[in-house]
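Work through the exercises below with the sequence and the model side by side, and try each task before reading its solution.

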Amino acid sequence: MLTSKMIKEAALAAGADMCGIAPMSRFDGAPDEMNPQFLFPEAKSCIGFVFRIPRGVQRGIEEGTQFYQYPSMAYGGINEIFAPAVLYQVGKVIEDEGYEAFVYRNTGARGVVSDMDGSPGNTLSPEEQIEINENAKTSTAHHRSVQFTRPAREGSVAPDLQFQFRIAAVACGLGEIGWSKMLLTPEFGPLQRVAFIFTDAELEYDEMYSGEPLCRRCGACVRECPGGCIPPINSGKKVTVNLDGKILEWGDIDMWRCYAFYTHAGRYYNPFVPKEVWDKNEDGSLDLMEGVTDIANEQEIMKVYTALQKYFPSWVGYNMAKCGGCIRACVSVLEKKGGCMANRFKEPLRTKKAWKLDR
Ligand code: SF4
Ligand code: SF4
C-alpha cells in the first residue's frame, strides 16, 4: 500500500531536501485559472518537494566576484536538472503502486494569465521580445502568457494551468511566505526552490506550519532591494490570502520593477555595465533604473533589456540574475537573529559591510 512515509523516503533518497503532503481540498476557493484542482480532477493529494539553494551559490554576488553561478545553478540547475530528476524517481514509486503521478516542475510564462502581474493576454518577457524583434522571420513568439488558449472541455479552464508555487508549498506544510514574497522554511530560510506531484492516491497529510512566524518582519529585504521594489512593512501595501484558514500576507512587490533590477541591478550594483552607459542613458532607455520614471511596465523593462543585455551575455535559459539582495539580506538577518536558519552555518553569510560601487 502506498503511504506518505514511502513517498517521503523516496523523495529524500532521490535528493529532495524536504517533502510535505496536502489534501487537494486546501486549494478550495483559489481563482479558477490558478487552481490546481482543475489540473487533474481525480487528484486527492498534492506532494510538495523542497530543493535547497546552497548558500555558497550566492557567495560570488555577496563578494562581488562571480555572478554566473547563482542564476545557472539556483535557477537553471535546480529547475531543469535536479528537481525534475527527483519528480521522475518519486513518480515511479507512486505509479508502481497503481496510482498516477502528475509531475509539475517549475515553469513560467505559459499560463492563461501573466506570471508577472496576473494580467491576461499577450505579455512578452523582455528577452523574448528582443529575440522576436531581431529574428522576426525565424522565431516563434513565446509569451509570459499564452495568447490564444481556450478550455479543451466544457467546465474546465484554459491551458496551460499554472498555480502559485509558494502558496502550494505552504499548503503542503513546508513553510510560510515572508514579507519579501519568498517562501521561508525553518531549515533553509529563503534558500530553496520547489516542485510538486499531484496524485489520485489518498495519503496521510501534513498540517500547515503553525510555529513561531518564520518572517521576522524586520524590513531588511526592503532596505537592501536596489530597486525599492518591496514596500515598507508598515506601508499597508500587502497581499493577503486565506489558505484553508491560514492567513498568508506579503508585501505587494512591484514585480516588473523587480524584473529589471534583479537582472540588471542598477548603477551601483552592476559591475559589468560601464559608468558611462548609466551617465549617458541613451534614448532614456535606463530611465526606470536611474529613477527618471517610476513607471515599471513591460515596455520600460524591454528598453532596459535592449540596452543592457549585451554586458552579461551568458545564458542558461534563465535571466542572468545579479541581485538576490532580498534573499541575502534575509539570510543574513535570520542566521544572526535566530528563528529559521539559526545555527546552520559555522560562519555567517555576511562578515563585512555589503559592497556598493562608488559612481
Ligand atoms: S530580487 Fe532584487 S530587485 Fe527583486 S525584490 Fe529582491 S532585492 Fe529587489
Ligand atoms: S528580510 Fe526580514 S522582513 Fe524580509 S522576508 Fe526576511 S525576515 Fe521577513
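**Exercise 1.** Find which residues come nearest to ligand 2, and which element gives the largest share of its shell.

*Solution.* Start with the 14 residues around ligand 2, where a residue is near a molecule if its C-beta atom, placed from the backbone, lies within 6 Å of it; of these 14, G178, C215, C218, C221 and C330 come nearest. Two or more residues of the shell are given by each of α6 (220-223) and α11 (325-337), helices being DSSP runs of H or I with at least four residues, numbered from the N terminus. The largest share, four residues, comes from α11.

The model is predicted, so local features need pLDDT of at least 70 and side-chain atom pairs count only at pLDDT 80 or more, while totals for chains, interfaces and linings use all residues. Residues are numbered from 1 along each chain as its sequence is written, and chains are lettered from A and ligands numbered from 1 in the order in which they are written.

**Exercise 2.** Decide whether G324 is buried or exposed, and find what it touches.

*Solution.* First locate G324, which lies in the loop between α10 (298-308) and α11. Next apply the rule that a residue is buried if 20 or more other C-beta atoms, placed from the backbone, lie within 10 Å of its own, exposed if 12 or fewer, and partly exposed in between; G324 has 24 and is therefore buried. Finally, leaving out residues up to four places away in sequence, G324 touches Q58, I61 and Y70, where contact requires C-beta atoms, placed from the backbone, within 7 Å.

How values were computed. Contact = placed C-beta atoms within 7 Å.
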